[in-house]
Amino acid sequence: MKQHEIKEKGPLLNADGSLREPGYAKKLLLSYDRRTIRANSLRIKEWDYYLVTCDEFAVALTIADNSYMGLDSISLLDFRIPWEHTNSPIALMTRGKKNLPATSAYGDVKSKGKNYSIEFRNDGAERVLIFSMENFCDGKPVKGEIRLECPDTESMVIATPFAEKPKAFYYNQKINCMPAEGEVEFDGRKYVFEKGRSFAVLDWGRGVWTYRNTWYWGSASGQVDGVPFGWNIGYGFGDTSAATENMLFYNNKAHKLGNVKFNIPMKNRKYVTRGSCCGPSGIEADTADLTEDYMSPWIFTSDDGRFEMDFIPIIDRSSRTDIKLICSDQHQVFGRYSGRAVLDDGTVIEVSDFLGFAEKVMNKW
């Protein structure tokens, strides 16, 4: 597929609130300004999400302002056990009060509530993630401080419209392979993220979303023979005819990919129903359909042959919420990738047991 690369700086939106230039970039060139949005203000969604990993464990931190609700989240994962826990306090009708920065290049954000605090400091040269929560899991507290280097690196930036809603859009940047160093304390243990072995990704999202969405996202950050290497893959939301969000990152340079498909294994799901829709009226009937088998091996394929991976799951960080108007079914699966990726110049990068994640998320929000 032919993809449009954004190469010049400019405003993100037209005067009518529509996306000015759909496509992808390797730097954050288009300027986001919440005040120029012309859609219903309750549809605005903004978030900063950091994931810091080493080969043994990980921590994920979120500060999100979805206008009608705000969400702060701390996740701790230990791949050796394996074990994970997530605690995500919610506040109603935040409507931009979290003051998330209009750019990822610099700016601090802090969110706090009853017995917890999450802070992202960013002076442009270094990012510092500081967090604590008194009752994180089973009445036990968690706290941590992690520093991220900000190398001069290319990243994945995409400006995506939604065909069904002209004033809806998603502006997103993923910064992979940021060197990380710090520690997290929980339950009498210290999780030490050592420099040279630990890396972070930032998911910086700003936009106006439609009500019902299903997306797929995968990411990995690490090293191959001492060189920073990682990727961002995904699809499923908006009109991506101008560009995909699929990229490789090698030695701080981005390499654009075409379409990548998540081949999630399926299994039969059996359940019992009553009534005439599935059998004779008043008679129970066994019914089976297919559902995702998230903890079986996945396969990733690409239309250009440049991303071919097997994926062995370790942990399914899943959550499901259904309160009628708001529904969410999330499966963020952490595991190890093995396979090959091809850079723009034809160089083949092979990986084995390379830590990363892949997810499928269905939202009505």
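Which residue forms a salt bridge with Asp-152? In this predicted model, where local features need pLDDT of at least 70, side-chain atom pairs count only at pLDDT 80 or more, while totals for chains, interfaces and linings use all residues, the partner turns out to be Lys-27, with the closest N and O atoms 3.0 Å apart. Residues are numbered from 1 along each chain as its sequence is written, and side-chain values use heavy atoms, with hydrogens and water left out.

The Asp-152 and Lys-27 pair links distant parts of the chain, 125 residues apart. Asp-152 sits in the loop between β12 (140-149) and β13 (156-162), and Lys-27 in the loop between β2 (23-25) and β3 (30-31). Strands here are DSSP runs of E, at least two residues long, numbered from the N terminus. Asp-152 is exposed at 68% relative accessibility, whereas Lys-27 is partly exposed at 34% (buried means under 20% relative accessible area, exposed over 50%, partly exposed in between, with a 1.4 Å probe and protein chains only).

Side chains of opposite charge can pair when their charged atoms come close. With a salt bridge taken as a side-chain nitrogen of Lys or Arg within 4 Å of a carboxyl oxygen of Asp or Glu, the count comes to 19 salt bridges. One of them joins Glu-46 and Arg-34, at 3.0 Å from N to O. Glu-46 belongs to strand β4 (residues 44-53) and Arg-34 to the loop between β3 and β4, so this pair ties together parts 12 residues apart in sequence. Glu-46 is buried, with 4% relative accessibility, while Arg-34 is partly exposed at 25%.

Arg-80 and Asp-78 also meet through their side chains, at 2.9 Å from N to O.

Turning to the strands, an open sheet of 9 runs in the order β20-β19-β18-β17-β27-β26-β25-β24-β21, with antiparallel pairing (two strands pair if DSSP finds at least two bridges between them). At the edges stand β20 (253-256) and β21 (260-263), each with a single partner strand, so one side of each has no neighbour in the sheet. On average, neighbouring strands of this sheet are turned by 20° against each other, direction ignored; the axes are lines fitted to C-alpha atoms, and angles run from 0 to 180 degrees between N-to-C directions. Within the sheet, β18 (residues 227-235) pairs with β19 (residues 247-250) in the antiparallel sense over 4 bridges, and Trp-231 stands opposite Leu-248 in β19.
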